[in-house]
Each structure stands twice: as C-alpha cells, then as structure tokens.
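Subject: Structure handover

Dear colleague,

Here is the structure I said I would pass on. My notes on it follow below.

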Amino acid sequence: MTSVVSSATRTIRIGSRKSQLALVQTYWVREQLQSSFPDITFEVHTMSTQGDKILDVALAKIGDKGLFTKELELGMINKEIDFAVHSLKDLPTNLPEGLTLAAITERENPADALVVHEKHKDKQIETLPAGAVIGTSSLRRLAQLRNRFPHFTFKDVRGNLNTRLAKLDAGEYDALILAAAGLQRLGMGDRVHQILPKEISLHAVGQGALGIECRADDKDLISLLKAIEHPETRDRCLAERSFLRILEGGCQVPIGVNTEIHEGNLTLTGVVASVDGQKIVKDTVTGTASNAEALGAELAKLLREQGAQEILEQIFAEIQRGS
C-alpha cells in the first residue's frame, strides 16, 4: 500500500475534535510539522466525539473509555484521516487494533490549578472557607481533595473552558480545579490562581502532553511524526500509561500520578483513592528512564498489594449501578 507521505499529492489529513482547546493543540502540531516538512500539505479535519455531545452528565457516568477519541479512531481506520491529535490524558491505554501511539509531544505543566472567584483572590486552597463550593468534573481530583479538604462542598462542572469560567464568575462556584496546561494553551494562564502541589493533587496520566495516534502500518508517517516527539515526556508518559493500564483504570477513575526525570532516572509516584476520599493508597518507584513501562507496572503491583484493586472494583461497581 502506498504511504500517504510518499503519495503524489503529498497531503496528510489531521483529525481533531472541534473544541477550542483541541483545535489550538492540533494547529500547533500542524505548525510544527509544516515547518519541518514544507513540501507536505497538512489539512485539519474536525469531528465531534461522544464526550463533546453529552454536556449535562458527569463524565464518569456517561459510559466507557474513549469518550473523546472513538470517532477520530474510526476516521483513521476508515482512512478518512491519517492521524489524530489527542490530549494524551483522554487517550485510552489500550488502543484499537491497527492503531498506534506514534509520538508524544513536549509536555506543558501537568499540574492541576486552582481558579477562584474574585471574592477569594486573597485565598489559597488551604485557606478557602469551610463549605466553599469547588467545581470539578474529575473523580481523580474529587477523591484527592475530599481526602485533604473534607470541609469543602464539591459540585460537578461540565462544558468547555469558557463555559466553566463563566459559571465560576457568575458565583455558582467559589473555585474550580482545572488543568494548568489547558489554561496556558488557551492564553488564559492569568486565571491560574495557584498551582496545586503534588502533595495535594497528583495529576492525570498524560496530563499536559499531546498524543499523536495513527495507523500502525503507516511506517513512513510514524517516522515523520517522530520529528515532534519529546523523549523525556515520552518516557514519563509511557511510565504513567503503563501504571494505568495494569490497574485497568480509565481516565474517569481516581488514579493520579507524578513523574520526574533526573540524570536518566525516572521517579514515578502514583495514588489510587476512593471517591469519598476515605481510602487512599500511594507509593513511589525509581529506576532508569529507559525502563519506563516496567516501572509503571512495578508501581501498579505495589499499589495492588496495598489495596488499590479493591478500591477500583468498588468504584467500577458504583459506576455500573449509576450511583
């Protein structure tokens, strides 16, 4: 089969969700590739995913994994697009047959950020008043914050970033917990009131990085996409994704991570927490970055031995019951 990269038209079709953040990320990838390969035309094709269409239900209750990726993956399988740009945190750790994670780009700050209502501009998360209404659509954030701040009131918040911020500014919430990377990419870094330290909230697997997915048999395209891969981010994210894969957790379960690389050594910290924040298991492993996936598996085994599997099984059962 003739590769799209070597075809006469030399046109490569990039798939993207239609959200503002997705398009900003996709056009950034397009610009990086265009500058490296000026003789190739890169076209952006947009699609709506299930996660984009259902905005009035908590993410954990919508259904299975791949809420923001399935339609794009079908587009690749059907050869309507050649590769897709994802927020890596949205990309399931087990990909459909015939597709592969071709490249991982340099990561923005992966931490969670506190965004506050004007009346709390002199506060940090530790000093917000009892009963403060905190908006988040993430079970991971919810579980960790409930463990640390049981005196807060937590309320689900959906919609795009502008919608969420408008709800905050209208007084529906005292504060929101959002990904710092998304705010930065949309030019809203000034809304970041506090970067939450890892002692308070471990971030989502892959948060802050972009994952480029394509057909596994398109070797020329995979080689081309490696031009925008960031090796350190790749190693960190492969460790995180391996940890998540072994625990069989999707993006909508309370699993958090933190990774750091120093002088070739990768340190991976992981947490699994019950949704009510009452049960929490956490540990850390360190090893060479070249063994990233093995380190992720090692940490998953450690947390399983400490009770992580029982916590996750209870959460899966509750989600299935719709509770």
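F154 counts as buried because its relative accessibility is 17%, where buried means under 20% relative accessible area, exposed over 50% and partly exposed in between (1.4 Å probe, protein chains only). Before going further: this is a predicted model, in which local features need pLDDT of at least 70 and side-chain atom pairs count only at pLDDT 80 or more, while totals for chains, interfaces and linings use all residues. Residues are numbered from 1 along each chain as its sequence is written, and side-chain values use heavy atoms, with hydrogens and water left out.

Aromatic rings

F154 belongs to one aromatic cluster together with F149 and F152. Rings of Phe, Tyr and Trp (its six-membered ring) are taken as a pair if their centres lie within 6.5 Å; planes under 30 degrees apart count as stacked, over 60 as edge-to-face and the rest as tilted. By this rule there are two aromatic pairs. One of them is F149 with F152, which is stacked, at 5.1 Å centre to centre and with 20° between the planes. The other geometry is found between F152 and F154: the ring centres are 6.3 Å apart and the planes stand at 65°, so this pair is edge-to-face. F149 and F152 are both buried; for F152 the relative accessibility is 6%.

Another ring, that of Y173, has K155 over its face, at 4.9 Å from the ring centre. A charge is said to sit over a ring if NZ of Lys or CZ of Arg is within 6 Å of the ring centre and within 35 degrees of the ring normal.

Y173 also comes up in the surroundings of H117. Leaving aside residues up to four places away in sequence, H117 touches L168, D169, G171, Y173 and D174, contact meaning heavy atoms within 4.5 Å. H117 lies in the loop between β5 (112–116) and β6 (133–135), and counts as buried at 16% relative accessibility.

Overall make-up

The protein has eleven helices and 13 strands. Helices (H or I, at least four residues) and strands (E, at least two) are DSSP runs, numbered from the N terminus. Of its 323 residues, 53% count as buried. Among contacts with a separation of 6 or more, 69% are between residues 24 or more positions apart.

Helix α1

Helix α1 covers residues 20–36, which is 17 residues. From its first C-alpha to its last it reaches 25 Å, close to the 24 Å expected at 1.5 Å a residue; the expected span is 1.5 Å times one less than the number of residues. Which residues of α1 are buried? They are A22, Q25, T26, V29 and L33. Seen down the axis of α1, these buried residues fall within an arc of 95°, so they line one face of the helix; the arc is that of the directions from the helix axis to the C-beta atoms. An α-helix has 3.6 residues a turn, so residues three or four places apart point the same way.

The buried residues of α1 are covered by elements including β1 (11–17), β2 (41–47), β3 (83–87), α7 (180–185), β10 (210–215) and α8 (219–225). On the face of α1 turned away from its buried side are the exposed residues E31 and S35.

Strand β2 and E43

E43 lies in strand β2 and counts as partly exposed, at 35% relative accessibility. E43 and I12 are 31 residues apart along the chain, and their C-alpha atoms are separated by 6.2 Å. Not counting residues up to four places away in sequence, E43 touches T11, I12, R13 and I14.

Positive phi

Most residues other than glycine have a negative phi, and most peptide bonds are trans. K79 has a positive phi, near 60°, and is not a glycine. K79 is placed in the loop between α4 (70–77) and β3, and is partly exposed at 39% relative accessibility. E263, also not a glycine, has a positive phi of about 50°. E263 sits in the loop between β11 (255–262) and β12 (265–273), and is exposed, with a relative accessible area of 84%.

Cysteines

How many disulfides are there? The count is zero, a disulfide being a pair of cysteine sulfur atoms within 2.5 Å. C214 is buried, with a relative accessible area of 0%, and C237 is buried with a relative accessible area of 0%.

Regards
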